[in-house]
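Let's take a walk through a protein together, one stop at a time. Have a look at the picture first, and then read on.

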Amino acid sequence: MGALAYPLVVVLGLLIGSFLNVVIWRVPRGESIVAPPSACPSCGHAIRRRDNVPVASWLVLRGRCRDCAEPIAARYPIVEAVTAVLFAAGLLRFGWTWALPAFLYLAAVGLALALIDLDVHRLPSAIVVPSYPVLAVLLLFASWNPGGQSSWEPLVGAAVGGASMLAFYWVLAVVRPGGMGLGDVRLAGLLGLALGWLGWGSLVVGAFAAFLLGGAYSLGLLATRRATRKSGIPFGPWMLLGAAIGVAVGERVWQAYLSAIL
């Protein structure tokens, strides 16, 4: 693909990001993500095709509905832009390989889940559960690597990683009811599949980073009195951010750690 790879992935990210906005809004409400077409939440007028171009339409309309002039949340273009950035980062990390679709899918699903969890403190099964077979098939293709050399060992790591993360979070949910939700447990297994496929370093660093970042954020809220010990804080975004760190630098951090202690 050469020079065309990054523009193609960025455009794909913008388009997927536009779709994620629909998912983030409708799935928690139990609405269809297919119909009806997107409409202004204020006046109900259907969004015209020319006003549905990711990022650009929001800028042209100056963040307002063409029909009623009500403000359109900046979150919409931000989600589209962030998805494009994540897709470009995925290409930088994996190159034009069979592993790329698996981790672009995880990035898209992860962004949607993080924002939904922030909005409603819930990780919908309608997104997490179907993602298991989708991610498993994509990782299978990545290991098969059609046209190249197959490597099946990562699939064992994926299975072990998914099972271990699922079991670990399930134990946490049982030991401390209310501290960890079943949505977190289901998400842990999904993230474990991806991190385990990459290697033990990615799995360990990704899992540890979630608790490190989430704990630091919680302590910050307590210190500034913006939360109490009984406050419910969504952990899904920290799990996903930790997993992103594991994907990006997990193996390097793990090797550096092992070199320091051995």
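In which loop does P36 lie? P36 sits in the loop between α1 and α2 (56–60). Helices here are DSSP runs of H or I with at least four residues, numbered from the N terminus. The peptide bond from A35 to P36 is cis, with omega near -5°.

Before we go on, a word on what you are looking at: this is a predicted model, where local features need pLDDT of at least 70, side-chain atom pairs count only at pLDDT 80 or more, and totals for chains, interfaces and linings use all residues. Residues are numbered from 1 along each chain as its sequence is written, and side-chain values use heavy atoms, leaving out hydrogens and water.

Now step back to helix α1 (residues 5–26). Its 22 residues reach 32 Å from the first C-alpha to the last, close to the 32 Å expected at 1.5 Å a residue (the expected span is 1.5 Å times one less than the number of residues). Among the buried residues of α1 are A5, V9, G13 and G17; buried means under 20% relative accessible area, exposed over 50%, and partly exposed in between, with a 1.4 Å probe and protein chains only. Their cover includes α3 (75–94), α4 and α5 (125–144).

Helix α4 is mostly covered too, with 17 of its 22 residues buried. How do α4 and α7 meet? The axes of α4 (residues 99–120) and α7 (residues 182–198) come within 12 Å and cross at roughly 150°. Axes are lines fitted to C-alpha atoms, for helices over the stretch in contact, and angles run from 0 to 180 degrees between N-to-C directions. The two helices are therefore roughly antiparallel, a label for angles over 145 degrees. In α4, A99, F103, L106 and L113 meet L187, L190, L191, A194, W197 and L198 in α7, where contact means heavy atoms within 4.5 Å. The residues of this contact divide into ten nonpolar, no polar and no charged; Ala, Val, Leu, Ile, Met, Phe, Trp, Tyr, Cys and Pro count as nonpolar, Asp, Glu, Lys and Arg as charged, and the others, Gly among them, as polar.

Most residues other than glycine have a negative phi. R62 counts as exposed because its relative accessibility is 75%, while H121, at 49%, counts as partly exposed.

Notes
Angles under 35 degrees count as roughly parallel, over 145 as roughly antiparallel, 65 to 115 as roughly perpendicular and the rest as oblique.
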